[in-house]
Amino acid sequence: MHTLQAVPVQVRVEELPSLFPLIMELLECGSGSVKVSAVEQMEELVTAAPLLVGSHLPTLVSELLALALPPSPLKLRKASLVCVGKLASLPHHVVYPYKHRVVESLGVCLDDKKRLVRSEAVKSRDKWFSL
């Protein structure tokens, strides 16, 4: 997964149909550092391939919100919240059904003991509130 970061985004987008299931699987069952890499890849894919990401939104929202909570490591919680914030930039009709659920879940992250996580939760929640 770490070597995938060295591949240009345009090449990843072309190979996306075969890479996307792998990234989704790593979000569910990878180790801590692998999950961070998978979330970072997903961040890039939100802007590079919004239609594909939008088609997997139910699973993706659930996974990212679960990763944003303790006992996940700090870096993973922060990366998950950044990615959740980027999901709000997808077309309105795709993300709006998840607005209430995401805003509620992000409210829990506002009570995190780490300031970096709380700060990212506020930014992401603000993006979802503005839908």
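Leaving aside neighbours within four places in sequence, which residues is Val53 in contact with? In this predicted model, the list runs to Phe20, Met42, Leu45, Val46, Leu60, Leu87 and Leu90. Val53 also turns up, along with Met42, Leu87 and Trp128, among the residues with the most contacts inside the largest nonpolar core, a group of 41 residues. Helices H2 (16-29), H3 (32-48), H5 (57-67), H6 (74-87), H8 (99-109) and H9 (115-129) each give two or more residues to this core. In soluble globular proteins, nonpolar side chains tend to be buried together.

Now to H6. This helix has 14 residues and reaches 20 Å from its first C-alpha to its last, close to the 20 Å expected at 1.5 Å a residue. H6 is mostly covered, with 10 of its 14 residues buried. The buried ones are Leu76, Arg77, Ala79, Ser80, Leu81, Val82, Cys83, Val84, Gly85 and Leu87. Their cover includes H3, H4 (50-55), H5, H7 (92-95), H8 and H9.

H9 deserves a look of its own. It packs against H6 at an angle of about 10 degrees, with the two axes 8 Å apart. Because angles under 35 degrees count as roughly parallel, H6 is roughly parallel to H9. On the H6 side, the residues that meet H9 are Leu74, Arg77, Lys78, Leu81, Val82, Val84, Gly85 and Leu87. Facing them in H9 are Leu116, Val117, Glu120, Ala121, Ser124, Lys127 and Trp128. Sorted by class, this contact has 9 nonpolar, 2 polar and 4 charged residues. Leu87 and Trp128, both part of the H6 and H9 contact, bring the story back to the core, where they are among the residues with the most contacts.

Conventions:
Residues are numbered from 1 along each chain as its sequence is written. This is a predicted model: local features need pLDDT of at least 70, side-chain atom pairs count only at pLDDT 80 or more; totals for chains, interfaces and linings use all residues. Side-chain values use heavy atoms; hydrogens and water are left out. A nonpolar core is a set of buried Ala, Val, Leu, Ile, Met, Phe, Trp, Tyr and Cys residues joined through side-chain atoms within 4.5 Å. Buried means under 20% relative accessible area, exposed over 50%, partly exposed in between (1.4 Å probe, protein chains only). Helices (H or I, at least four residues) and strands (E, at least two) are DSSP runs, numbered from the N terminus. Contact means heavy atoms within 4.5 Å. Axes are lines fitted to C-alpha atoms, for helices over the stretch in contact, and angles run from 0 to 180 degrees between N-to-C directions. Angles under 35 degrees count as roughly parallel, over 145 as roughly antiparallel, 65 to 115 as roughly perpendicular and the rest as oblique. Ala, Val, Leu, Ile, Met, Phe, Trp, Tyr, Cys and Pro count as nonpolar, Asp, Glu, Lys and Arg as charged, and the others, Gly among them, as polar. The expected span of a helix is 1.5 Å times one less than its number of residues.
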